[in-house]
Amino acid sequence: MKLLTGNDLASGAVTWWTGNGWSIHVEDAVDVGESGDAILHAEEGARRVNAPYIIEAISTPEGPRPAHIKDRVRALGPTVRPDLTLKPADPDVGAWVI
Amino acid sequence: MVEHHAAEGEEPAVTLDAFLDQSNATAVRLEPDDDARALIPYLDRLALIEIAFPKFRDGRGYSSARILREAGYTGELRAQGDVLVDQIAFMKRCGFDSFSPEAPLNQADVEAALSRYDHVYQGAADAAVPVWKLRHG
Amino acid sequence: MYKYDNYDQAIVDARVEEFRDQVKRRLAGEITEDQFKPLRLMNGLYLQLHAYMLRVAIPYGTLDSRQMRMLAHIARKYDRDYGHFTTRQNIQYNWIKLEECADLLAELASVEMHAIQTSGNCIRNISSDQYAGAAADEVADPRPWAELLRQWSTFHPEFSYLPRKFKIAVIAADEDRAAMRLHDIGIQLVNRDGKLGAAFYVGGGMGRTPMIAPLIKDYVPIEDFLSYTEACLRVYNRYGRRDNIYKARIKILVHEIGADEYRSQVEEEFAHVKTLGIDPPAAELERIAAYFAPPPFESGLSDDVDRSDPDFAVWLDQNVKPHKQAGYAIVNISLKPIGGIPGDASSAQIDVMADLAEKYSFDELRVTHAQNIVLPHVAKRDLYAVWQALNAAELANANLDLISDIIACPGLDYCSLANARSIPIAQKIAKRFADPARQRDLGELKLKISGCINACGHHHAGHIGILGVDRKGVENYQLTLGGSGAEDVSIGKITGPGFDEDGIVDAVERATDKYKELREPGERFVDTYRRVGMEPFKEAIYG
């Protein structure tokens with residue numbers, strides 16, 4: 001699947017296209033299929049996202065899992081500071097990223 | 001530091017190579033990789049030197065401008081191309097007195113940029129007195 | 001240390017307002033990200049893996065307790081309660097919001113701090129020797145000249161759109177504690193016939209193509225210092241490559257045209273620049289130098305230290321260095337706890353260090369390029385109290401220059417340029433070698449880890465270096481041996497095929513075991529490697 005991701009312009013937070021808006025949770029991300037570029041340009045032009053790009057991901061029971069480790073780090077947070085990730089209470093956070 | 005707007009019948013600036021081949025042009029255009037010092041023997045014949053900034057990140061034009069002013073050039077020195085308001089103050093300090101941006105600049109923004117800093121740390125091609133001189137007279 | 005006058009303060013304040021205006025224009029869509037990016041980079045603001053990252057300048061690594069407390073306050077108010085000290089003596093915050101950044105910068109400006117030119121294709125933070133003003137071997141305190149360079153380079157109108165970033169280091173001793181030869185310009189202050197001058201090394205750097213800066217001029221009279229630097233920069237701005245960002249540093253220019261040709265172009269430009277009158281008068285240097293006069297040391301203090309506490313004695317022997325003034329010492333604070341994140345400090349720890357500096361070190365601290373902190377002027381009678389306070393704050397690891405004193409870039413956990421995580425590797429290695437006696441037996445061993453080829457972890461300059469790469473989507477780690485950033489400067493050599501994240505720890509251990517097997521009395525790891533060469537180590541590592 002293809003996900004559209006970027007950062008929130010004002011806050012810098014990593015965001016994922018949900019189909020009708022942006023979420024900081026990768027689980028909310030949808031497959032943009034072939035229309036990713038069009039959405040990207042529209043959203044970037046309207047400043048609803050900054051520095052957007054499209055990535056590959058696989059669909060899993062827990063939600064989309066970005067194909068590249070760099071985007072998994074973006075999705076969750078630094079593996080070396082689990083307390084600063086989006087899932088501080090989850091002991092398997094690191095394993096999902098790596 | 002004024003924005004230049006092309007006027008009718010204005011003589012186009014010739015390239016450096018063309019200028020060095022023929023000596024009666026009064027306006028020359030320098031590309032980033034042209035050697036500004038090639039013009040030093042001819043400065044008193046030139047009314048305009050236009051320095052190209054095809055990409056604002058390419059800062060060679062700043063050195064070209066200062067070199068020309070340091071060599072005594074007193075004609076118009078114009079920055080042309082990818083000129084953004086955030087470069088205007090640096091350009092003025094390097095000796096530019098006009099600019100011809102590809103994308104129009106907001107006049108109020110230009111004035112704000114030029115009056116943002118009351119003080120400068122280093123001497124350049126403009127008349128601004130560096131702070132160390134103000135400190136010691 | 002230097003204190004701003006009205007002019008310095010006005011410049012920093014104007015910069016904050018300029019940046020505030022640039023942010024406003026970006027948020028309103030008046031400028032695109034492409035146009036805004038170089039502007040925010042020139043103010044040290046990156047868009048990184050998790051959020052915006054801000055790199056705050058700590059000029060030549062020197063700051064006081066008031067500034068240190070502000071750094072702690074910034075961490076609490078604008079970030080996630082910690083900061084990361086870097087290999088260029090700066091501090092980074094990883095979770096900054098663009099919409100708050102101007103306010104953050106205004107708070108920094110209130111204590112004479114800024115983020116000017118900590119990124120972008122301009123002249124960056126001037127780095128220096130962390131023992132400046134305290135070490136006996138310097139010919140002069142290099143920092144007045146670092147301050148002169150800071151002012152000269154700030155908003156330099158000709159050099160703000162260079163081909164690439166530009167890093168300058170200034171030292172004043174033969175012992176190079178600032179990796180001077182691996183900078184774009186490295187300056188060593190020297191004496192000749194009793195007159196101060198500067199030796200210029202130009203064209204060093206790490207990154208993809210590490211190079212040691214050749215000597216370009218062995219003596220520039222000190223009054224020509226800035227003119228000569230200006231000439232060096234102008235030649236670079238005019239002739240540095242602009243076609244390929246991986247070939248745009250000055251080291252490539254010097255390498256491609258040759259040091260002799262570069263020197264001769266600089267000499268020609270210098271002869272011209274000298275006529276422009278850009279060098280400040282001696283009075284300005286004296287004004288600045290007055291801020292770096294030695295603090296009011298007490299005389300007649302004892303050099304004796306009570307070593308009866310064995311933990312204190314270990315720390316004393318490893319982390320405390322001699323001071324030029326009798327009765328005083330230089331204290332190194334390790335930001336490398338075993339299993340911790342190299343160079344990180346919590347806001348609470350930063351406050352502890354601020355308090356210690358104010359109380360025990362004439363209100364001064366230094367940041368080192370090895371990502372540690374220095375209290376430069378501690379009376380020996382106060383060392384025990386300092387150690388106790390550091391110990392309580394988990395800042396007393398007695399591992400200066402030992403294998404667990406690792407330099408590591410933030411790596412893939414933080415950095416969008418990275419190919420691999422570097423911090424977990426540092427943590428694993430530190431844990432493998434946690435035994436303090438084992439570390440002391442191995443002795444001085446500078447291990448440096450970079451998460452990508454940009455080499456912000458300075459791995460090329462490691463006695464042992466580790467480079468993280470992406471091998472078909474999987475993190476892989478290459479091992480290098482024999483680098484050094486000190487005066488015995490050398491570039492490390494790769495051992496062979498890379499390893500996974502557990503394999504690299506084993507490989508490092510096999511290399512250190514081989515060292516212990518082959519070493520002769522007095523030899524450090526790097527000395528043994530230089531004597532016997534790569535082969536014995538390669539055999540031990542790959543079997």
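Visitor: Which residues of H5(C) and H9(C) meet?

Guide: This is a predicted model. In H5(C), the residues are Pro144(C), Trp145(C), Glu147(C), Leu148(C) and Gln151(C). Facing them in H9(C) are Glu284(C), Leu285(C), Arg287(C), Ile288(C) and Ala289(C). By class, that contact has 6 nonpolar, 1 polar and 3 charged residues.

Visitor: How do I read the geometry of such a pair?

Guide: Two packed helices are described by two values: the angle between their axes and the distance between the axes. Take helix H5 (residues 143-153) of chain C and helix H9 (residues 282-290) of chain C. Their axes come within 9 Å and cross at roughly 115°. The crossing of H5(C) with H9(C) is right-handed.

Visitor: At what angle do H10(C) and H12(C) pack?

Guide: The angle is about 100°, and the axes are 11 Å apart. H10 covers residues 310-319 of chain C, and H12 covers residues 383-392 of chain C. The two helices are therefore roughly perpendicular to each other.

Visitor: Which residues make H10(C) and H12(C) meet?

Guide: H10(C) brings Asp311(C), Phe312(C), Trp315(C) and Leu316(C). H12(C) brings Leu383(C), Tyr384(C), Val386(C), Trp387(C) and Leu390(C). By class, the contact has 8 nonpolar, no polar and 1 charged residue.

Visitor: Now chain B. How far apart are the axes of H3(B) and H4(B)?

Guide: They lie 8 Å apart, with a packing angle of about 45°. That angle makes H3(B) oblique to H4(B). The crossing is right-handed. On H3(B), the contact uses Val85(B), Ile88(B), Ala89(B) and Lys92(B). On H4(B), Asp109(B), Val110(B), Ala113(B) and Leu114(B) take part. The classes here are 6 nonpolar, no polar and 2 charged residues.

Visitor: On to the interfaces. Which pair of chains has the most contacts?

Guide: Chains B and C, among the 2 pairs of chains that touch. Chain B puts 32 residues into that contact, and chain C puts in 47 residues.

Visitor: How much area do chain A and chain C bury?

Guide: About 2200 Å², with 59% of it on carbon and sulfur atoms. In chain A, the most area is lost to chain C by Lys70(A), Val80(A) and Leu84(A). Those residues make up 24% of what that side buries. The contact takes 23 residues from chain A and 32 residues from chain C.

Visitor: How far apart are the closest C-alpha atoms of chain A and chain B?

Guide: They are 18 Å apart, and no contact joins these chains.

Visitor: What should I look for in charge pairing?

Guide: Side chains of opposite charge can pair when their charged atoms come close. Over all chains, the structure holds 78 salt bridges. Between chain B and chain C the count is 11 salt bridges. Between chain A and chain C the count is 0.

Visitor: Which residue does Arg135(B) bridge to?

Guide: Asp5(C), with the closest N and O atoms 2.7 Å apart. Arg135(B) was also named for the area lost to chain C.

Visitor: How far apart along helix H1 of chain C are Arg25(C) and Asp21(C)?

Guide: They are 4 residues apart in H1 (residues 6-27), so about one helical turn separates them.

Terms used: Residues numbered from 1 in each chain as written. Chains lettered and ligands numbered in written order. Predicted model: local features only at pLDDT ≥ 70, side-chain atom pairs only at ≥ 80, totals over all residues. Heavy atoms only, no water. Axes fitted to C-alpha atoms, helices over the stretch in contact; angles between N-to-C directions. Parallel < 35°, antiparallel > 145°, perpendicular 65-115°, else oblique. Left-handed = near helix turned anticlockwise from the far one by under 90°. Contact = heavy atoms within 4.5 Å. Nonpolar A, V, L, I, M, F, W, Y, C, P; charged D, E, K, R; others polar. Buried area = accessible area lost by both parts, 1.4 Å probe. Salt bridge = Lys/Arg side-chain N within 4 Å of Asp/Glu carboxyl O.
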